[in-house]
Each structure stands twice: as C-alpha cells, then as structure tokens.
Amino acid sequence: MPASERDFIIIGQGLAGSILAIELIKRGLSVMVIDNAHKGSSSKVAAGIINPITGHRLNLTEGFVDYFQSAKQFYLYAERILDESFISEIEQSRLIKNQGQANYFDERLNELNYQSFLEVSGENSSFKQNEFGCATIKKTSLVDSKSLLSLSRKWLQNQDAYLQAKIEYSEINFGENEIEYRGAKAAKLIFCEGYQATNNPWLKSLPFKLAKGEVLTVEAKNAPESMLSWGNWLVPGKNKSYKLGSSYDWNDTSLNPSDTVKQKLLGSLELHTYIQAAIIIKHEVGVRPTTTDRNAFLGRISGLKNAYCFNGFGSKGCLTIPYHAELLCEHMLNDRPLPEKLTKWL
Ligand SMILES: Cc1cc2nc3c(=O)[nH]c(=O)nc-3n(C[C@H](O)[C@H](O)[C@H](O)COP(=O)(O)OP(=O)(O)OC[C@H]3O[C@@H](n4cnc5c(N)ncnc54)[C@H](O)[C@@H]3O)c2cc1C
C-alpha cells in the first residue's frame, strides 16, 4: 500500500510507537512508522521491569491493577502475532534497609490494597545485612522490551509499514484533511518521540523533566534466578547475564556513560549483596521522557487539526504504555474523552 493511503503516520518506534502501531493495526487501521534509530532512546536500554511496589516507602503504583491488566493483555497479544515470548513473572526479594523502612513495611502489610503485593520473607542469603528482613514483592514481571522492539520493527517492515528516517519538522505539511511528509500522506499523525520531543516545535514547551538513566549488563557470580532490589536492582538478563541498575540524573541529558555512575552501581551491589559483578559486558545510557507531574501527555495537539501526542511515559513505560495506547485509540477512533490530567498541557 503506498504511504499516501495510510490512516496514521507514527513518528518514533520506541515502546510507545511500537505498542500504539500494534494496537492500531489490530483495530484494522494502516500505519507508517518512521524512526530515526536514535541511540539514546529510553526503550533501547529499559530493563523491562514491571514492579508494583517502588520507592523508599514501598508505595503501590497508582492505577497498577488497571495498567497491569492492559499490559498483560497486550504482551500476550504481541506474543501471538510476533511468535515470541515477551512477558514473564519473576520473584522479587526487596531488602528492608533500615528501621524507617521497616515501619513503612509494617504499615503496608496492614493495608488491604497491598495484601496481594507484599509478603514478609525474612532473610535472603544474597543480602549482606539482614537486620530488618526482606519483603517479597509479588506480581513483579519482566518484559523483554528489546525483542519486542526488534520483532515489531521486522513485523512492520514486512507489511511495508516502517521507514528509518529522521523527521524534519519543517517539512511536515498539515492540511485540512490529511498530513503530508515528503510525499507520504496520512489522515492523522502521532508523535511518539520520547525525550526527543524536546526538539519538536509543537511539543518542546511541554513540562518534561527528563532523567538520564544508566544500566550495566554484567556477568555475576553467586546471583540468584530471581530479582533482587535494595534501592538499586539486579535482574537476570539474556545468556546468563544480569542487568544492574539504574541511575537517575535530572540535570544531564548527554548520552555518554559516566564512570562515576558505573562505580556507584557496582559499589552499591558490593555493599548490599554477596554477588560479584565479575565482568562488565555493557554500560548503556538512555533518557527517560519523565514529566513534572508524572502524567503522560496524550491527545490532539491544539492548533494542529490531525496531529496527536503520545509521550511522557517516564520510568514505567512497560507497565503504562499499553493502557494509554488503548485510551488514545478509543479517543481517536470512537471519540471517547481522555482524562483531563493527560490532555491539559496539549
Ligand atoms: C536506564 C533505564 C532503565 C529503564 N528501565 C525500565 C524498566 O525496567 N521498566 C520500565 O517500564 N521502564 C523502564 N525505563 C523507562 C522506559 O524506557 C520508558 O518508559 C519507555 O521506553 C519510553 O518509551 P518511548 O517510546 O516513549 O520513548 P523512546 O524510547 O525514547 O522512543 C522514542 C523513539 O522515537 C524516535 N524518534 C525521536 N525523534 C524522532 C524524529 N525526529 N524522527 C524519527 N524518529 C524519532 C527515537 O529514535 C526512538 O526510537 C527505563 C529507562 C531507562 C533510561
């Protein structure tokens, strides 16, 4: 099908663009996804963790149950069409680090909505200091986001629905009923550029609060098959490797790996666990498209009739993107209103 007959042009094939493209095609629409293969994109380095309980206070992610239901449904659908396994449950043991955290843990154990997520697990022999015990965080999952990206790209290529190119914003023509870019025409266009939306003339003033993140892939001695967390985390990766992460730098969006961050991650592993990172296989950097109020940016861009934004998925994209993709599809195709907190900046 020539590009001129598409229903949608999607700019960006990170997790957001890929998941949205699959959702639209599932609903019978045609797309052309254009991606510039930028090396600092967040999806390329994501560890794929879906973790219901995070932060020092062991908070349950708001909306987790709904998000997870959509995510599970999406990844199982993607497994069927792409013929690969993407989501698996993983056991997570979380170190309770001090008395303050032990108090929060006790409080959480008595809260009804935490009961299906938290359990006391006593000691874990991987941790050095076990004074306050550990929590088992249930319903933790791992998404193989790298395979999802590469297989969905191939799947799109096979339907002539993918183009590797950098969009030049000045060359997009917004017509009354269609959008044209270098001869390619579509009824609607959706921007899914992750943190690079800060270069987009129509989106650059959105309240992003970008966070550079770094993650190490290591060969680890004495590491369990489960996930360990203690403020940082260690999760099993491919070919017996492990991912050790991650960092947050709110002031730097350069894409160079920092030796200081590497030493901090390794130091933290050594301080809290008996696991040795014997070999560093990879040290990767990405920039999270985090937002000041932690809500995503979803909906039609004001002043541009047929252009939409699908962005702002910060640090939990594997969990939250499928749910938001459904919301945007329902909005664009069936006029279902979007929550004001997602549209207010657009
Ligand atoms: C170190 C680190 C670890 C993380 N770990 C996890 C985790 O364990 N679990 C989790 O859920 N989340 C994790 N995240 C967050 C997750 O990566 C993001 O939520 C998610 O990947 C955001 O996806 P996105 O598609 O919106 O953005 P991106 O991944 O940035 O994708 C945007 C895409 O658009 C393309 N693009 C941009 N501009 C243009 C243009 N002008 N023309 C053409 N193409 C363009 C880019 O090349 C890119 O492919 C992590 C992030 C980091 C940095």
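One term before the first stop: a helix here is a DSSP run of H or I with at least four residues, and helices are numbered from the N terminus. Bear in mind that the model is predicted.

**Stop 1: helix α5**

Select residues 145–158. This is α5, a helix of 14 residues. Its first and last C-alpha atoms are 20 Å apart, close to the 20 Å expected at 1.5 Å a residue.

Now colour S145, L148, L149, S152 and L156, the buried residues of α5. Look down the helix axis. These buried residues fall within an arc of 95 degrees, so they line one face of α5. Turn to the other side of α5, where K154 and N158 are exposed. Then step just past the end of α5 to D160. Its phi is positive, about 55 degrees.

**Stop 2**

Go to I22, which sits in helix α1. Is I22 buried or exposed? It counts as buried, because it has 22 C-beta neighbours inside 10 Å, where 20 or more are needed. Setting aside residues within four places in sequence, I22 is in contact with A78 and S152. You have already coloured S152, one of the buried residues of α5. Next, draw a distance from the C-alpha of I22 to that of A325: it is 9.5 Å, although 303 residues separate the two in sequence.

Move to A21, also a residue of helix α1. A21 has 28 C-beta neighbours inside 10 Å and therefore counts as buried. Which residues does A21 touch, not counting those up to four places away in sequence? They are I10, V31, V33 and L156. L156 is another of the buried residues of α5. For H38, the picture is one of distance: it is 17 residues from A21 along the chain, and their C-alpha atoms are separated by 19 Å.

**Stop 3: helix α3**

Select residues 64–82, helix α3. At 1.5 Å a residue, its 19 residues should span 27 Å, and the end C-alpha atoms are 26 Å apart, which agrees.

Highlight F64, Y67, A71, F74, Y75 and A78, the buried residues of α3. After α3 comes D83, with a positive phi near 55 degrees.

**Stop 4: helix α7**

Select residues 317–334 for α7. This helix has 18 residues. It reaches 24 Å from first C-alpha to last, close to the 26 Å expected at 1.5 Å a residue.

Colour its buried residues: G317, C318, L319, T320, I321, P322, H324, A325, L327, L328 and M332. A325 is the residue whose C-alpha lies 9.5 Å from that of I22. D335 follows α7, and its phi is positive, near 60 degrees.

**Stop 5: around the ligand**

Show the residues around the ligand, 43 in number. Which of them come nearest? They are G12, G14, G194, G213 and G317. G317 is also among the buried residues of α7.

Colour the shell by class. It divides into 17 nonpolar, 20 polar and six charged residues. Then colour by element. At least two shell residues come from each of α1 (15–26), β2 (31–35), α2 (42–45), β15 (211–221), β19 (276–288) and α7 (317–334).

**Stop 6: the two domains**

Colour the chain by domain. Domain 1 covers 3–46 + 145–204 + 294–343, and domain 2 covers 211–288. Their C-alpha centres lie 30 Å apart. Across the boundary, nine residues of domain 1 are in contact with nine residues of domain 2. The domain 1 side of this contact holds two nonpolar, five polar and two charged residues.

Bring the ligand shell back into view. Each of domain 1 and domain 2 supplies at least three of its residues.

**Last stop: E270**

Finish at E270 in helix α6, residues 259–272. E270 counts as partly exposed because it has 13 C-beta neighbours inside 10 Å. Draw one more C-alpha distance, from E270 to A187. The pair is 83 residues apart in sequence and 54 Å apart in space.

Note on methods:
Residues are numbered from 1 along each chain as its sequence is written. This is a predicted model: local features need pLDDT of at least 70, side-chain atom pairs count only at pLDDT 80 or more; totals for chains, interfaces and linings use all residues. A residue is near a molecule or strand if its C-beta atom, placed from the backbone, lies within 6 Å of it. Ala, Val, Leu, Ile, Met, Phe, Trp, Tyr, Cys and Pro count as nonpolar, Asp, Glu, Lys and Arg as charged, and the others, Gly among them, as polar. Domain bounds come from an automatic or database domain assignment. Two residues are in contact if their C-beta atoms, placed from the backbone, lie within 7 Å. The expected span of a helix is 1.5 Å times one less than its number of residues. A residue is buried if 20 or more other C-beta atoms lie within 10 Å of its own, exposed if 12 or fewer, and partly exposed in between; C-beta atoms are placed from the backbone. The arc is that of the directions from the helix axis to the C-beta atoms.
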